[in-house]
Amino acid sequence: MVEGPQCRLKTLKLAPVLTGRAVVDATPNLTRVLGAGPVVRVSSVGKECFICFRDFAIRWHFGMSGGIRITRGADQGSVGSGSGNSAGAGISHRNVVTARIALDDGTVIVLLDSNSSIKTTAYVTGVEDRLATRDIVTEGRFDFTAAANLLCSDGRIVQEAIMDQAVLPGVGNVIKCEGLLRARISPFTTASAIPEQRARLLLRELRTFARQWMDCCSRGAPIRKAVYGKDTCGDCGGG
């Protein structure tokens, strides 16, 4: 699953390409954007990327292996083919084209192995108002108090609570596993049984790993995972 760090990086790549540009062609599921005027802004919260027009927005969700391909000028013939020059982020292994939009400057953006839908501006504003300060990779102020209060009142086991996108947008399986290990909290602990200070420690570790992962992705470097996808613990060597 594409998690918060990758979604944010894709959004940062899309923003300068899309902002101020109008869509002149689109796949059938996105024809509403034709004649909608220029893109006002591009933003993301957690695993949701929003391309905002004046009256509505496209919501892109990248799923398990989704990505984008940005193709310019003479490279347009390669769109969707898995070949040619591109300035993309998170290109999928399967390269199944699920949406395509062409901009008024000749740029073509292809969505791969993902899904898109049209949302109201009220939906986007609601997501941002409720969740942006708890986005695990937010560049702004992370609301540790609100996030800790949610965790400490949650009756689910902690691995389920922190994966809830209404609690901590952007947390996926990798961030969950690595953050829980760093905080030394069992994934099967009931979230409401964790003392507030320990909950805050967990939030710091989740956020630290997520931000480190985002930095590694931006540099094309791998990040060390101590437990995710491993048979033995990278810290203690246990099974």
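View 1. The structure holds zero disulfides, a disulfide being a pair of cysteine sulfur atoms within 2.5 Å. Cys216 is in no such bond, and its nearest cysteine sulfur, on Cys217, is 7.0 Å off. Cys216 is buried at a relative accessible area of 10%, while Cys152 is partly exposed at 25%. Here buried means under 20% relative accessible area, exposed means over 50%, and partly exposed is in between (1.4 Å probe, protein chains only). Keep in mind that this is a predicted model, where local features need pLDDT of at least 70, side-chain atom pairs count only at pLDDT 80 or more, and totals for chains, interfaces and linings use all residues. Residues are numbered from 1 along each chain as its sequence is written, and side-chain values use heavy atoms, with hydrogens and water left out.

**View 2. Helix H1 packs on helix H6.** H1 covers residues 4-18 and H6 covers residues 196-219; the two pack at an angle of about 45°, with axes 8 Å apart. That angle makes H1 oblique to H6. On naming, helices (H or I, at least four residues) and strands (E, at least two) are DSSP runs, numbered from the N terminus. Axes are lines fitted to C-alpha atoms, for helices over the stretch in contact, and angles run from 0 to 180 degrees between N-to-C directions. Angles under 35 degrees count as roughly parallel, over 145 as roughly antiparallel, 65 to 115 as roughly perpendicular, and the rest as oblique. On the H1 side, look for Pro5, Gln6, Arg8 and Leu9; on the H6 side, Ala210, Trp213, Met214, Cys217 and Ser218 make the contact, where contact means heavy atoms within 4.5 Å. Sorted by class, this H1 and H6 contact has six nonpolar, two polar and one charged residues. For that sorting, Ala, Val, Leu, Ile, Met, Phe, Trp, Tyr, Cys and Pro count as nonpolar, Asp, Glu, Lys and Arg as charged, and the others, Gly among them, as polar.

**View 3. Helix H3 crosses H6.** H3 takes in residues 144-152, and its axis comes within 9 Å of the H6 axis, crossing at roughly 115°. The crossing of H3 and H6 is right-handed. From H3, Phe144, Thr145, Ala147, Ala148, Leu151 and Cys152 meet a run of H6 residues that includes Glu196, Ala199, Arg200 and Leu202. The H3 and H6 contact has eight nonpolar, one polar and four charged residues.

**View 4. Helix H5 is tucked in.** Eight of the 11 residues of H5 are buried, so this helix is largely enclosed by the rest of the structure. Those buried residues are Val174, Ile175, Lys176, Glu178, Gly179, Leu180, Leu181 and Ala183. Their cover includes H1, helix H4 (158-161) and H6.

**View 5. H5 packs against H6.** H5 and H6 pack at an angle of about 130°, their axes 8 Å apart. The two helices are therefore oblique to each other. H5 passes H6 in a right-handed crossing. On H5, the residues involved include Val174, Ile175, Glu178 and Arg182, and their partners on H6 include Leu201, Leu206, Phe209 and Trp213. By class, the contact of H5 with H6 divides into 10 nonpolar, three polar and five charged residues.

View 6. Arg184 has a phi of about 60° although it is not a glycine. Arg184 follows H5 and lies in the loop between H5 (173-183) and H6. At 52% relative accessibility, Arg184 counts as exposed. Asp113 also has a positive value, with phi near 50°. Asp113 is found in the loop between strand E7 (108-112) and strand E8 (115-120), and is buried, with a relative accessible area of 10%.

View 7. Gly20 lies between H1 and strand E1 (23-26). At 47% relative accessibility, Gly20 counts as partly exposed. Leaving out residues up to four places away in sequence, Gly20 touches Pro38 and Val39. Gly20 and Phe53 are 33 residues apart in sequence, with 9.6 Å between them in space, C-alpha to C-alpha.

Notes:
Left-handed = near helix turned anticlockwise from the far one by under 90°.
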